[in-house]
Amino acid sequence: MEVSELKEKWTGWTFDEVSFEIEAEDLSEFALSCGETVPRYTDAQDPDFQAAPSYTARFHGRRALPKDFPVDMATSFDGGKTVEWKAAIRPGDTVVARSHIHDIFEKTGRSGGMMFIVHRMEFSNQRDELVAIVDWKMIQKLA
Amino acid sequence: MSETKQALTYADVGFGDELPELCPDVSMAMIKRFGATTGMTYWRFTDHERARASGLPGAIVPGIMSQGFLSAMIHNWAPNGRIVKIDTIFRAPVLVDSEPVCRGVVTDMNDETRIVELDLTVCNEEGETRVLGTAVVELQA
């Protein structure tokens, strides 16, 4: 299947939804193990205590790609992650992550063609406020 | 409560400024601490021997943890700054029990929004870039 056909058929619709309960110790442990020293990320007693920016990137849905997605991603590699911060995530929040394929595109480099699949997770809190967007680029070499 | 760090304002920053380097703790103990809270306890992160047997040069630092180091470096530089966006590319593995260095430089500034853009790297002891990225950070007036 052509990349353009894949994009048309598989992007833009939610294929997974999962929720997470946010706990203070989890937030501070994540921040401390990443070397954060700013109290609003490390100290649960700080009045502005919240998740460090990369915190949502640790979460995975129940599946990385939609059921029956026609590309075998077993040989793909991780092209990186982008986190966009929208609002503070705090202890006691219930965060819902919804996954969709945001984009599929092709690039040609020195080693040949590569297909990029951008998996996007959008995180909303219990007030339905968007708190973070995480893009994960999966790269597959094209034959 | 921990000691509050000195605030950095937009006026303190100049194009081309380099952020203070961060030498993150990537000891096996710290990787396991990160794994305990994130669930990232896979052998490729926590077992040098098994990682080597699989063809890796050793156990590797989770990519998200490297992104976290870069955020920590930004916050050390601008404790009251807000990271609006951080983008990282995991070009090559960062090894557990190595001595990586995180660096950043200011590459763009917007006087109206007080937003700065940064180029970011995590390099190994040989100076090879293992992780690279960019960040968009809003600073205080």
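Which residues of helix 1 (residues 28-38) of chain B are buried? I looked this up in a predicted model, where local features need pLDDT of at least 70, side-chain atom pairs count only at pLDDT 80 or more, and totals for chains, interfaces and linings use all residues. Residues are numbered from 1 along each chain as its sequence is written, chains are lettered from A in the order in which they are written, and side-chain values use heavy atoms, with hydrogens and water left out.

**Helix 1 of chain B**

I find B:Met28, B:Met30, B:Ile31, B:Phe34, B:Gly35, B:Thr37 and B:Thr38 buried. Buried means under 20% relative accessible area, exposed over 50%, and partly exposed in between (1.4 Å probe, protein chains only). Helices (H or I, at least four residues) and strands (E, at least two) are DSSP runs, numbered from the N terminus. The cover over these buried residues includes helix 2 (24-33) of chain A, and from chain B helix 2, helix 3 (48-53) and helix 4. After the helix comes B:Gly39, with a positive phi near 85°.

**Interface**

I then looked at how the two chains meet. Chain B gives 31 residues to the contact and chain A gives 31 residues, contact meaning heavy atoms within 4.5 Å. The two chains bury about 2700 Å² between them, with 53% of it on carbon and sulfur atoms; buried area is the accessible area (1.4 Å probe) that two parts lose on being put together, summed over both.

**Salt bridges**

I counted as a salt bridge a side-chain nitrogen of Lys or Arg within 4 Å of a carboxyl oxygen of Asp or Glu. The rule gives 15 salt bridges over all chains, and 2 across the interface of chain B and chain A. A:Glu29 and B:Arg33 form a salt bridge at 2.8 Å, N to O. This pair crosses between chains, from helix 2 of chain A to helix 1 of chain B. B:Arg33 is partly exposed, at 31% relative accessible area.

A:Arg98 is partly exposed at 28%, and A:Glu17 is partly exposed at 41%. In chain B, a network of salt bridges links B:Arg82, B:Arg114 and B:Glu138.

**Largest pocket**

I used a 1 Å grid over the protein atoms alone: a cavity is a set of points where a 1.4 Å probe fits but cannot get out, a pocket is an open set with protein on both sides within 12 Å along at least five of seven lines, and lining residues have an atom within 4 Å of a point. The largest pocket has a volume of about 1200 Å³, volume being the space filled by probe spheres set on the points, which are joined across faces, edges and corners. Its lining has 38 residues, and A:Phe77, A:Asp78, A:Gly79, A:Trp136 and B:Phe90 lie nearest the centre. By class I get 24 nonpolar, 7 polar and 7 charged residues (nonpolar: Ala, Val, Leu, Ile, Met, Phe, Trp, Tyr, Cys and Pro; charged: Asp, Glu, Lys and Arg; polar: the others, Gly among them).

**Cavity**

I find 1 cavity of 30 Å³ or more. The largest cavity holds about 60 Å³ of space. Its lining includes A:Glu84, which forms a salt bridge with A:Lys86 at 3.1 Å between the closest N and O atoms.
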